[in-house]
Amino acid sequence: MVIILNDFVCSKNIRYLREKYRVSRRALSRLVGISLCTLRDYEEERVIPVFTHRQLQRLSAVFDLPIEQLTDCDLTVPDDEECCACAE
């Protein structure tokens, strides 16, 4: 099953989290199971992310966040501002 995301929120989150936790693009692409070029294109918002469910699960596990937060919430927004319905 392929999941096509409808905007670039996930792209921004991937880049933000990868940089925050100092994970290289190469390492993250291997952990998730996508090519380095694809990851770069996602992060630079050249293409809308397309993942398999397994890839989303791996991405979620790498950053220890629910899939919904990765795909639906803008994690780049400061904690004192509500980013979306994911805020608790």
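**Group meeting talk: a helical fold and its charged pairs**

Hello everyone, let me start inside helix 1, where arginine 15 and glutamate 19 are 4 residues apart and so separated by about one helical turn. Helices here are DSSP runs of H or I with at least four residues, strands are runs of E with at least two, and both are numbered from the N terminus. The side chains of arginine 15 and glutamate 19 meet in a salt bridge, at 3.4 Å from N to O. By salt bridge I mean a side-chain nitrogen of Lys or Arg within 4 Å of a carboxyl oxygen of Asp or Glu. Arginine 15 is partly exposed at a relative accessible area of 32%, and glutamate 19 is partly exposed as well, at 47%. For those words, buried means under 20% relative accessible area, exposed means over 50%, and partly exposed lies in between, using a 1.4 Å probe and protein chains only.

Two notes on what you are looking at. This is a predicted model, in which local features need pLDDT of at least 70, side-chain atom pairs count only at pLDDT 80 or more, and totals for chains, interfaces and linings use all residues. Residues are numbered from 1 along each chain as its sequence is written, and side-chain values use heavy atoms, with hydrogens and water left out.

Now the overall picture. The protein has 5 helices and 2 strands, and along the sequence they follow the pattern β-α-α-α-β-α-α. Of its 88 residues, 38% count as buried. If you take contacts (heavy atoms within 4.5 Å) between residues at least 6 apart in sequence, 60% of them join residues at least 24 apart.

Back to the charged pairs. Side chains of opposite charge can pair when their charged atoms come close. How many salt bridges does a search of the whole structure find? The count is 8. One of these joins aspartate 74 to lysine 12, with the closest N and O atoms 3.1 Å apart. Aspartate 74 sits in the segment after helix 5 and lysine 12 in helix 1, so this pair ties together parts that are 62 residues apart in sequence. Is aspartate 74 buried or exposed? Aspartate 74 is buried, at 16% relative accessible area, while lysine 12 is partly exposed at 34%.

Another pair is glutamate 44 with arginine 25, whose closest N and O atoms are 3.5 Å apart. This one also links distant parts of the chain: glutamate 44 is in the loop between helix 3 (36-43) and strand 2 (50-52), arginine 25 is in helix 2, and they are 19 residues apart. Glutamate 44 is partly exposed, at 30%. Both residues belong to a network of salt bridges that links Arg18, Arg25, Arg40, Asp41, Glu43, Glu44 and Arg46.

Arg18 brings us to helix packing. Ser11, Ile14, Arg15 and Arg18 in helix 1 meet Leu39, Tyr42 and Glu43 in helix 3. By class, this contact has 3 nonpolar, 1 polar and 3 charged residues. (Nonpolar covers Ala, Val, Leu, Ile, Met, Phe, Trp, Tyr, Cys and Pro, charged covers Asp, Glu, Lys and Arg, and the others, Gly among them, are polar.) The two helices pack at an angle of about 110 degrees, with their axes 8 Å apart. (Axes are lines fitted to C-alpha atoms, for helices over the stretch in contact, and angles run from 0 to 180 degrees between N-to-C directions.) Helix 1 and helix 3 are therefore roughly perpendicular.

Helix 1 also holds asparagine 13, which counts as buried at 0% relative accessibility. Leaving aside residues up to four places away in sequence, asparagine 13 touches Gln69, Leu70, Cys73, Asp74, Leu75 and Thr76.

To finish, two loop residues. Arginine 22 has a positive phi of about 55 degrees although it is not a glycine; it lies in the loop between helix 1 (9-20) and helix 2 (25-32). Aspartate 64 also has a positive phi of about 55 degrees without being a glycine, and its loop runs between helix 4 (53-63) and helix 5 (67-72). Arginine 22 counts as exposed at 78% relative accessibility, and aspartate 64 counts as exposed at 69%.

Terms used:
Angles under 35 degrees count as roughly parallel, over 145 as roughly antiparallel, 65 to 115 as roughly perpendicular and the rest as oblique.
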